[in-house]
2 protein chains.
Amino acid sequence: MTTAHHAPGETRPGGRTARTRKAVLTAVFEELGENGFGGLTMEKVASRSGIHLATVYRRWRCIEGLICELLTEVGSEVPLPDSGTLSGDLRALARSIAALYGEGRVRRLIEAVVSAAARDGQVASVLRTFFDERLALAGRMVQRAVDRGELPANTDPVQMMSALGAPFYYRILIARRPVDRDLADSAATAVRAAAHAGAYTKKDGGPANGTSPGG
Amino acid sequence: MTTAHHAPGETRPGGRTARTRKAVLTAVFEELGENGFGGLTMEKVASRSGIHLATVYRRWRCIEGLICELLTEVGSEVPLPDSGTLSGDLRALARSIAALYGEGRVRRLIEAVVSAAARDGQVASVLRTFFDERLALAGRMVQRAVDRGELPANTDPVQMMSALGAPFYYRILIARRPVDRDLADSAATAVRAAAHAGAYTKKDGGPANGTSPGG
């Protein structure tokens, strides 16, 4: 299990450290679901989890640290399909994302992370790294489709997977309406057609669109 | 000019009220560009604009009010093209959005609004209304394309225009990398192909996807 704020060796599955972590992250998740990010404090997390406030502060430092760790935990739960066809993979992944973001507290977690990133450069960096890693993993389904001859050889996996995810974040953060299965199926149909139309082809002579540094 | 926090009659073009408004919104925009949302305060806005702090508070109440009004002002500047073809319209609109979000202070404004919406229900409501209105206006290009026979008759304008915008917000808020013209052209190519593939068709027996209430 990847964690952002302590060395891997500190976590022993089933040990006291792991139990503390689980109790605290569960409390953050529940507080987000009930009261949103606006009212979230270290004190509420400590009280709800039954873990000493000093312990929570020592290990996570601030609410932003907790939010980042919860994102890594929750986001990593989305399974990456390998169904044998591109359309099967796209639809399965989009539906898994929709199922995750159908939960109010996960929507609020995304809002919280994006909101914290606007104020805190360290959160912004964690957010970017997390999504870069997820995109790289999900991009394997694009590469498999290229290998099977289902997509143009110069299709950029990161561009295509970014395009699959984009409608969900638009729905949550901008349109501010529920994520549903219709959105998932629309997103899957859309990126497949767009990829065939050459919308995500790699540019010559430079890094692929969406992976250039800066900000 | 649409404003969120006072009656239209209060603004006389060229009058003292209009000058105050312009000075304050310009100060907010400049502060966002230089210091981001994290350090933005009513005091800094008053100091930078040369407008009395009491006046700023009386008229806008809080930073969130200022941010909402600036969004309405800046967002309304994007021209809505009518080039005679769907692909011409999509490309022109996408490039206008890219030009706007190519500016660091506009990216920071979007971050600020989304961030404020996560903490404040009134901001969330202003944000949603603003984008609903913009989508309805932009959707006219979809209807014109349907009328010209360029798109299936049951294409949903709101779904399609949401899909055109989504990659920009993903790039700004999630990928946290610069918006450029390549992204605009990719988005325009993608939604056109996706629309032809039926990704944005209206569902029977209910409101179109993306316009259902709730959230």
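Two salt bridges turn up across the interface of chain A and chain B in this predicted model. One of the pairs joins Arg177(B) to Asp132(A), with the closest N and O atoms 2.9 Å apart. There are also seven residue pairs in polar contact across the interface of the two chains.

So which helices of chain A supply at least two residues each to the side that touches chain B? Here they are:

| Helix of chain A | Residues |
|---|---|
| H6(A) | 104-119 |
| H7(A) | 121-147 |
| H8(A) | 157-175 |
| H9(A) | 181-196 |

H8(A) gives the largest share of that side, with eleven residues. Sorted by class, the side of chain A that touches chain B has 24 nonpolar, 13 polar and eleven charged residues.

Now for the extent of the contact. Chain A puts in 48 residues, and chain B puts in 48 residues. About 4100 Å² is buried between the chains, and carbon and sulfur atoms give 58% of that area. In chain A, the residues that lose the most area to chain B are Tyr170(A), Ile174(A) and Arg177(A), together 17% of what that side buries.

H6(A) also meets a helix of its own chain. The axes of H1(A), residues 16-35, and H6(A) come within 8 Å and cross at roughly 95°, so the two helices are roughly perpendicular to each other. On the H1(A) side, the residues in contact include Phe29(A), Leu32(A) and Asn35(A), while those of H6(A) include Arg105(A), Val106(A) and Leu109(A). By class, this helix contact has five nonpolar, two polar and four charged residues.

Key: Residues are numbered from 1 along each chain as its sequence is written. Chains are lettered from A and ligands numbered from 1 in the order in which they are written. This is a predicted model: local features need pLDDT of at least 70, side-chain atom pairs count only at pLDDT 80 or more; totals for chains, interfaces and linings use all residues. Side-chain values use heavy atoms; hydrogens and water are left out. Contact means heavy atoms within 4.5 Å. Buried area is the accessible area (1.4 Å probe) that two parts lose on being put together, summed over both. A salt bridge is a side-chain nitrogen of Lys or Arg within 4 Å of a carboxyl oxygen of Asp or Glu. A polar contact is a pair of N or O atoms within 3.5 Å; within protein, one must be able to donate a hydrogen and the other to accept it, and residues adjacent in sequence count only if both atoms are side-chain atoms. Helices (H or I, at least four residues) and strands (E, at least two) are DSSP runs, numbered from the N terminus. Ala, Val, Leu, Ile, Met, Phe, Trp, Tyr, Cys and Pro count as nonpolar, Asp, Glu, Lys and Arg as charged, and the others, Gly among them, as polar. Axes are lines fitted to C-alpha atoms, for helices over the stretch in contact, and angles run from 0 to 180 degrees between N-to-C directions. Angles under 35 degrees count as roughly parallel, over 145 as roughly antiparallel, 65 to 115 as roughly perpendicular and the rest as oblique.
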